[in-house]
Each structure stands twice: as structure tokens, then as C-alpha cells.
Amino acid sequence: MTRITPSHRTLPAILLIGTLLMACTATGSGSQSASPSTAASQAASAEPSAEACVTEDLPTKTAGVLTVGTDNPAFPPYFSDSTQTDPWEFGDPTNGEGFESAIAYALAEQLGFSADQVEWIPVPFNNSIAPGEKDFDVYLAQVSFTEERTQAVDLSEGYFFSNQALVTNAGSELASATTVAEVAAAQLGAAGNTTSLTYIEEKIQPAQEPRVYDDNTAAKAALEAGQVEGVVFDLATAFYIVNVEMEDGVVVGQLPSDPEDKEHFSFVLDLDSPLTDCVNEAILAMGENGELDTIAAEWHADYVEAPFIAE
């Protein structure tokens, strides 16, 4: 996961998704294709009976309420700052605007909860994936699926798919890089405990040990200060940082990924949560009826296309 998020300018969903996708649950995986909705509809998942997901019978933390957690600050375009309510520091997840706010309310509706039955709570990202019982029923903040994380929490079917991307300063030699070999020669950095850092270590395998930072804000500051030559973020975050947070930043390009390694975002739930199957069923339904694509198109449709960095 990369937690600083993009502006309301991103690649169309079809460009972010690619032609082959993979949606992995906490208990299995399967090959997917074409779009978030197609991926969700084909994902391997235990589908409970309709009776098991009756709204009034769902064992939520508070009866009749779906408690949704997210990181704070919550940034556009995942959350909108058109309104501001306490305790939210930037984007306000309660207004239903922004990609992940819209996804959360769509999930709630699919589960049978009305908008006024959704309660939002701030939860730091690291706390969301740590072992132990949570205060939320579901959590979303661009949390990427990894097998390691499923040892501590349940991760749902994917609701959004993306690539990693490289950001550098304008004028840097790295700005003209077109191959992973060129990228590997540079001093790179990323936020710790993220799939961006994992990508650097396992896929790029740079000549120099990557520098690790507390969060994306610190990684971006290190780039601006010249401590690193490039930083890896997920694609949407990369565009937000370049377009909003940096004065002279550039997105060098999208980093290559195998179809089976396509990164996707999942809801987080308690480990072995009794809600997980119902949440997965709801996501599959949202994929089949086109709702995932519709929401992605509304909030992620305006990014400038980024070139691909070659293997």
C-alpha cells in the first residue's frame, strides 16, 4: 500500500488494469482478465448462501451499523476534501466522494446498509494490518494484497488493480530511464511496510540498498532533498505526488508486472472474520454488475497516461 494518494487525475481503469488480472483472497487465488469487474466476477471465492448474508444477521461490531476504517489524513482522489468534519484532517470519507469513499458506500449498500448506517473511524495503516482484533468491520486505504498480510488479517477480493510507478525529480538522469536495468543503478527509496518497497527489493533488485521511510510523505521529502534519486509508489499515488505535492517531480513510468503479480487493493477484516465471505460476495456482485468499473471511471479517469518501463 502507498498511503499518500493521487489527485482527481488518473489513468482510465482499462489502462491501469491491463489485459490479465489476478484477484487473490485470503484463502486462494485465480487468474483474471479485462477489468476490475471481470476480475471480481471470476475470482475464486467461497460464495455463501443468500441467507448467510442477510443484513440484520451480519455480525458487525455494532448491531445495524457497518464500521469502516481508513487512514487519516485521507487524500484525494480516494477521498474528497469538499467537506471537512472532525476528526478528518484532509479528505472527508463521510461525504461519499472520492474513489474509496464511494466504494465503501457501494459495499455497504450491497450488504444492505443505508448510508446513515455507515460509521467511519480513523485507523493508522500499520494498525490495520497488525495482528489482533480490530475496531472496524472493514478497512480500506489502498491496502495491497500480499500473502504475508493474510497471516494477520483477512483480505478481500480486489476492488481496484494497478501497477507500481517510479517518480524522480525533473532534470534527473533517472527521468530518461526506459529499462529496469537503468532504474536498478539508481539510489531508490520507498515507504516501509509497503508493496512499493517489496517491488524494489524483489523485482528491481537495485545495486544499492533501498532507503526506507516511515511513510510516503517522508519518501517524497527525501527525493526532493536529493537523498534518493527515485521513489516507487503505486501509479495513482505517483501522479498525485507529482501533480499536487511536488514542484518539479516527474513520473518516469509504470514498472512492469507479470499478469499474475498484478497488484490489487483489498478490504481488511479481522482474521477469520465471519463477514469476509459476505464482503467477497458483495465485491463479486459489484464487479458483475459493472459498479466497480463505474466508480473507477468516475474518480480515476483523468490521469495522464504513463509509459511503461521495459524489463
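How many aromatic pairs does the ring rule give here? The count comes to twelve, where rings of Phe, Tyr and Trp (its six-membered ring) pair if their centres lie within 6.5 Å.

1. **Before you start.** This is a predicted model, in which local features need pLDDT of at least 70 and side-chain atom pairs count only at pLDDT 80 or more, while totals for chains, interfaces and linings use all residues. Residues are numbered from 1 along each chain as its sequence is written, and side-chain values use heavy atoms, with hydrogens and water left out.

2. **An edge-to-face pair.** Tyr78 and Phe265 sit 6.3 Å apart, centre to centre, with 65° between their planes, and form an edge-to-face pair (planes over 60 degrees apart; under 30 is stacked and the rest tilted). Tyr78 is in the loop between strand 3 (66–70) and helix 3, and Phe265 is in strand 13 (residues 263–265), 187 residues apart. Helices (H or I, at least four residues) and strands (E, at least two) are DSSP runs, numbered from the N terminus. Tyr78 counts as buried at 0% relative accessibility, and so does Phe265 at 1%; buried means under 20% relative accessible area, with a 1.4 Å probe and protein chains only.

3. **A tilted pair.** Next come Phe99 and Tyr159, with 6.2 Å between centres and 35° between planes. Phe99 belongs to helix 3 and Tyr159 to the loop between strand 6 (153–155) and strand 7 (160–162), so this pair ties together parts 60 residues apart in sequence. Both residues, Phe99 and Tyr159, are buried.

4. **Helix 3 against helix 10.** The axes of helix 3 (residues 99–111) and helix 10 (residues 291–299) come within 9 Å and cross at roughly 155°; axes are lines fitted to C-alpha atoms over the stretch in contact, and angles run from 0 to 180 degrees between N-to-C directions. That makes the two helices roughly antiparallel (over 145 degrees). On helix 3, the contact (heavy atoms within 4.5 Å) involves Phe99, Ala102, Ile103, Ala106 and Gln110, and on helix 10 Glu291, Leu292, Ile295, Ala296 and Trp299.

5. **Helix 6 and its cover.** In helix 6 (residues 195–204), the buried residues include Thr195, Leu197, Tyr199 and Ile204. Among the elements covering the buried residues of helix 6 are helix 5 (180–184), strand 11 (230–234) and strand 13. Just after helix 6, Gln205 takes a positive phi of about 50°.

Notes. Parallel < 35°, antiparallel > 145°, perpendicular 65-115°, else oblique. Buried < 20%, exposed > 50% of the residue type's maximum accessible area, 1.4 Å probe, protein only.
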